[in-house]
Amino acid sequence: MAVTFYNLKSESGLKKLNEYLLTRSYIIGYQASKDDITVYSALSSVPSSEYENVARWFKHIDALLRLSGVSGEGSGVTVESSLVAEEAVATPPAADTKATEAEDDDDDDVDLFGEETEEEKKAAEERAAAVKASGKKKESGKSSVLLDVKPWDDETDMKKLEEAVRSVQLDGLLWGASKLVPVGYGIKKLQIMMTIVDDLVSVDNMVEDYLTVEPINEYVQSCDIVAFNKISIL
């Protein structure tokens, strides 16, 4: 089932998402998937309590990402960040609605999603020109990654290990939540979340060139990718 959400940073977009989640635990289906990550990544923070269904869902997905990641494939949900699509499906003004009520009986065969009018094309061209002139770039895709970072032994200072890992700062890299997980014989590993911009950060290169070389390899024995989930950004 293809689902598209529009302008989730606006009140109207959040309201529609809130209504959508009224009877749903996840965006599609009965388990968390990449569809949930797609919508989650379009929201910069927990929505206000006014949108209680969105806030509930957001906190749940946030907790899953912090603890174990999300591996469900999803159905290909998209999020359109511009106002163009929202304007196209907006309810017409009351005056226009009244003017067309008499024609409703003849509108059954009308293609509501037909070709754009000349005015719509012109407006779209003007918006595109404004974006180009402002130097804005389309945001590339992102990924949510869960890493296992293993120490040398049970005497490794795990606090310093985590500080060393987080000291790696790259354009397009954002460190997230972390926790220590027992692996046996008194040894614990560090599980840590990170979000990367795909065009800017290669996880394999980051592990080889930063996390397992001096001086960090004083604490880190190895790094493994536990979960890697694509986040589509439109």
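In strand β5, I196 is the bridge partner of S143. Helices (H or I, at least four residues) and strands (E, at least two) are DSSP runs, numbered from the N terminus. This is a predicted model, in which local features need pLDDT of at least 70, side-chain atom pairs count only at pLDDT 80 or more, and totals for chains, interfaces and linings use all residues. Residues are numbered from 1 along each chain as its sequence is written, and side-chain values use heavy atoms, with hydrogens and water left out.

Strand β3 (residues 142-151) pairs with β5 in the antiparallel sense over 8 bridges; two strands pair if DSSP finds at least two bridges between them. Strand β4 (residues 173-184) also pairs with β5 in the antiparallel sense, over 9 bridges, and I187 in β5 is the bridge partner of G184. Of the 11 residues of β5 (residues 187-197), 8 are buried, where buried means under 20% relative accessible area, exposed over 50%, and partly exposed in between (1.4 Å probe, protein chains only).

β4 and β5 form a hairpin with 2 residues between them. Y185, in the loop between these strands, has a positive phi of about 60° although it is not a glycine. Y185 is exposed because its relative accessible area is 81%.

N7 also has a positive phi, near 45°, and is not a glycine. N7 lies in the loop between β1 and α1 and, at 9% relative accessibility, counts as buried.

Helix α2 (residues 34-41) has 6 of its 8 residues buried, so it is largely enclosed by the rest of the structure. The buried residues are D35, D36, I37, T38, V39 and Y40.
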